Structures are given as structure tokens and as C-alpha cells.
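Here is a short report on one protein model. Look at the strands, the helices and the charged pairs as you read.

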Amino acid sequence: MKITITTLSDQLFNIEVSEDLELENFKALCQEETGVPAKEMSIVWNGRPLHDDKLTLKQYGIHDGEMVLIQHLRGQVGRQSGALNIDFGSIQMPGGSGQQAQSRREDDPAYIRDMLLSNPSQLAILKERNPPLADALLSGDLEKFRKVFDEQRQARSREEQNRIRLLTADPFDPNAQQQIEEAIRMKNIETNMETAMEYAPESFGQVHMLYVDCKVNGHPVKAFVDSGAQMTIMSQQCAVRCHIMRLVDKRWEGVAKGVGTQKILGRVHLCQIEIANVFLQSSFSILENQPMDMLLGLDMLKRHQCIIDLRKNRLEIGNENIYTPFLGEADLPEHARLNQPPIAASSDEDRDLAEALSRSAQESGASNKPASSSSSQPTQPPAISSQFSEAVVRRLMENGFSRNAVLEELRRANGNVDQALASLFAKSFSMP
């Protein structure tokens, strides 16, 4: 019978073999054609690797005209983004014999789970390359792991079958060309990511934002330093805590407008901020729904000629002799720490925020709204495969911000929704 052979390097050829040929002899024939050593060769048929070299092609169910894939195992472990590329066969169970390991099916989720838990190196690869499967593994729930494992295995099988179809498809078929183009694009992305992980691994880490300790009216405050914000702002809660609400000029009450809107309660025209034992004059705009206590904007930074020195990790005020260090992660406010799990906003919080924004919009007057505001919202593009969920992006966009602005601030805030929202509002301020 005739068997079609393909490889990951896009080799494609046919060989004539007997249906009673054992798998190990079949590998030897393929070795002559591909140059891949038989001991480092894995035969994949219909998305399933064939492991028993003593079984014949007929016993595996391979018939005339079938196509099989040859993979070179050496150097391939862990290089793909999916965790199913891990060479499970090389993992030995502690206290078990080789015959016992071979007697169990390596595509059994329970067996794979036991092997991964017994091998720290493969578990580390799994955490890096396939977080969903790693989370299911570490949850201790076998059924959850089985479900995720089976879903990923089926998806991998479909992708492999689709790839094989593309290799034999009509080269002039537009749909086939589009799929080939997408496959090439994804391959280039994977190569680019692997190169970045090798030569610039720090780009995959997270950095916390810049906070400094200061005092306002003698009360300690952790202030967020943001040179991209136009104005220095303070939350209503912080202003109450610092006992400066009595200085708020309500004649400056209004709505901060830009790509979004938020209620401004007023302005404190002059107040002292103590940083590094130096008293600095600053003004504050007091916001009704400000998630962080205080944000030092560009107006205050320029007024006092502050320098953000990232090499020395400090904020210099006027000259290098007066400075304060940026806070470490352990000293940050709770909402700004990277090690805190993301907490979805409750329905009550969403409702309160929607009501506050609705009141601000009503108070600003319907006449100030653009004519096109009553029209239906444009369809948003599909969610981008990234570290930010589409639900979070859409929730911030509902405040009137553009998608690009939301994504940019989420990146700057390392995914912290409250911090990103505060920066978006701060950068949208216009003087009343």
C-alpha cells in the first residue's frame, strides 16, 4: 500500500510498504528518506503519536492512501507554545519500572498528570508555555485537568489535520492561500517570541508603577507619579482624610471632559506637599470617583523641576541633593501590588460607577453632547489575544475612552484597572 509522509519542514513524499510492516521497520525506511534518526523519530497519525514499535501498520489501522507526520523529537521539547509538545515519554515515574510505564497509555490524562507532577522541569515548562493546562494540573481536580487536556489535544489534532490538508490543497485556491498566509504569520510570531525570550527575557516580566511617600497637610499619602497626566488630582476620600475639603473652591466644580467624563467637585488652589522633608506648593483638582488617593501630574513636576531618575530609582526635586526613593512593591497601596490577584468589579460597584457617570453627564447638559452621541455604537473589533480580558477593556471603554487609549493605559498600569482608569481621567482633563 502507498503511504504519504510529511514532516514539520514541509517535506512531502510517498513510499510503498506492506500493511504487515512493523512500526520500527517503517521508521527505518523513513530515516532513509528524511535523514531523521529512527530513535529520535515520532510517527503521528490522525493527531495521535504511535509509540509501540512492535505493532504493524495494519494493527494501528493505517490503510492505503493514508498520511502520517514525522516529528524529530530532539531539540523540539518545549519549543512550541502548546504544552502538548512536551516529550511525555522521556519522563520516568518514580518507583515504576519501564515496562509498567510502557503498558500505560501516554495519552491518558491521568497518566500525563502523574508524570508532570513527578517531574519539576516539565512542570516548569508547562507553567511557562501552557498556563491554562498548568492551572488545571495544580488545582488537584483530575476531571478539570482531563477536560482541558482533551480540549487542547483535540484542537491540536484539528490544527494538524488542517495543516496536512493545506499541503495537499490546490495552490490556486484563495481560501487555502489565506490559511497558509495565516500559518506563516503565526510561525513568524512564534519565532519572534522565542527570540525575545532568549535575548530579552526581561520584556516578559512586570514592573510596578512609580509611587512616593509624601504628606499633605501633615497626613501621610502614597502618591502616584505620572508625567503623562496634565494635572495633579486627589480623590474626595483622601481630601477628607487630609482635612482640606474646607479649601475646595466649588466655583471650579464641573465635569472633566476629553475622551471621557468625570465629576470634578472643585479645586484646592494652594496646599503644601511634604516630600523628602521639603515643602512644595501645589494645587489639586478634587475628583468624586478617583480610585487612587493622589496623582502627581506634569503641572506639579514641571513647577518644581522634578526628575524621574530610573537608574537610581528615585524622584529628584530641583536637584540631585533632594530626592525621595520610589516605593518597592511591598510598600505600594493594596490595589497597586502586582502579586494581588485581579478582582472583578462587583455588580454594585459597576452600578455605582454607572450612576455617577450618568449624573455627571446629566449635569453637564444634554446640549453639550455631540449630535452623533445618540447614534448606535460602532462594532468593536474582536478581542486581541493578550494579557487583558475583553471584559475589562470594554468596561473602561464604556466611560468614553477609545480602545487604543484603554489598552495603552492598561499596559502602563500592568493590568491594574483602577490605576488605568485614574490615568485615563487625569489625561483627559481640561481647565474649566
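Strand 1 and strand 2 form a hairpin, with 4 residues between them. In the turn, Asp 10 has a positive phi of about 70°. Strand 1 covers residues 2-7, and strand 2 covers residues 12-16. Helices (H or I, at least four residues) and strands (E, at least two) are DSSP runs, numbered from the N terminus.

The two strands run antiparallel, joined by 5 bridges. Strands count as paired if DSSP finds at least two bridges between them. Thr 4 stands opposite Asn 14 in strand 2. Strand 2 also has two faces: Phe 13 and Ile 15 are on the covered one, while Leu 12, Asn 14 and Glu 16 are on the uncovered one.

## How the model was read

This is a predicted model: local features need pLDDT of at least 70, side-chain atom pairs count only at pLDDT 80 or more, and totals for chains, interfaces and linings use all residues. Residues are numbered from 1 along each chain as its sequence is written, and side-chain values use heavy atoms, leaving out hydrogens and water.

## One side of helix 12

Helix 12 spans residues 390-397. Which of its residues are buried? They are Glu 390, Val 392, Val 393, Leu 396 and Met 397. These residues lie on the same side of helix 12, because they cover an arc of only 165° around the axis. The arc is that of the directions from the helix axis to the C-beta atoms. Buried means under 20% relative accessible area, exposed over 50%, and partly exposed in between (1.4 Å probe, protein chains only).

## Salt bridges

The structure holds 9 salt bridges. In each, a side-chain nitrogen of Lys or Arg is within 4 Å of a carboxyl oxygen of Asp or Glu. One of them joins Glu 182 and Arg 185, with the closest N and O atoms 2.8 Å apart. Both residues sit in helix 8 (residues 174-199), 3 residues apart, so about one helical turn separates them. Glu 182 is partly exposed at 36%, and Arg 185 is partly exposed at 42%.

Asp 293 and Arg 241 meet in another salt bridge (2.9 Å, N to O). Asp 293 lies in the loop between strand 11 (278-287) and strand 12 (294-296), and Arg 241 in helix 9 (residues 236-241), so the pair ties together parts 52 residues apart in sequence. A further salt bridge links Asp 249 and Arg 251 (3.0 Å, N to O). Asp 249 is buried at 11%, whereas Arg 251 is exposed at 73%.
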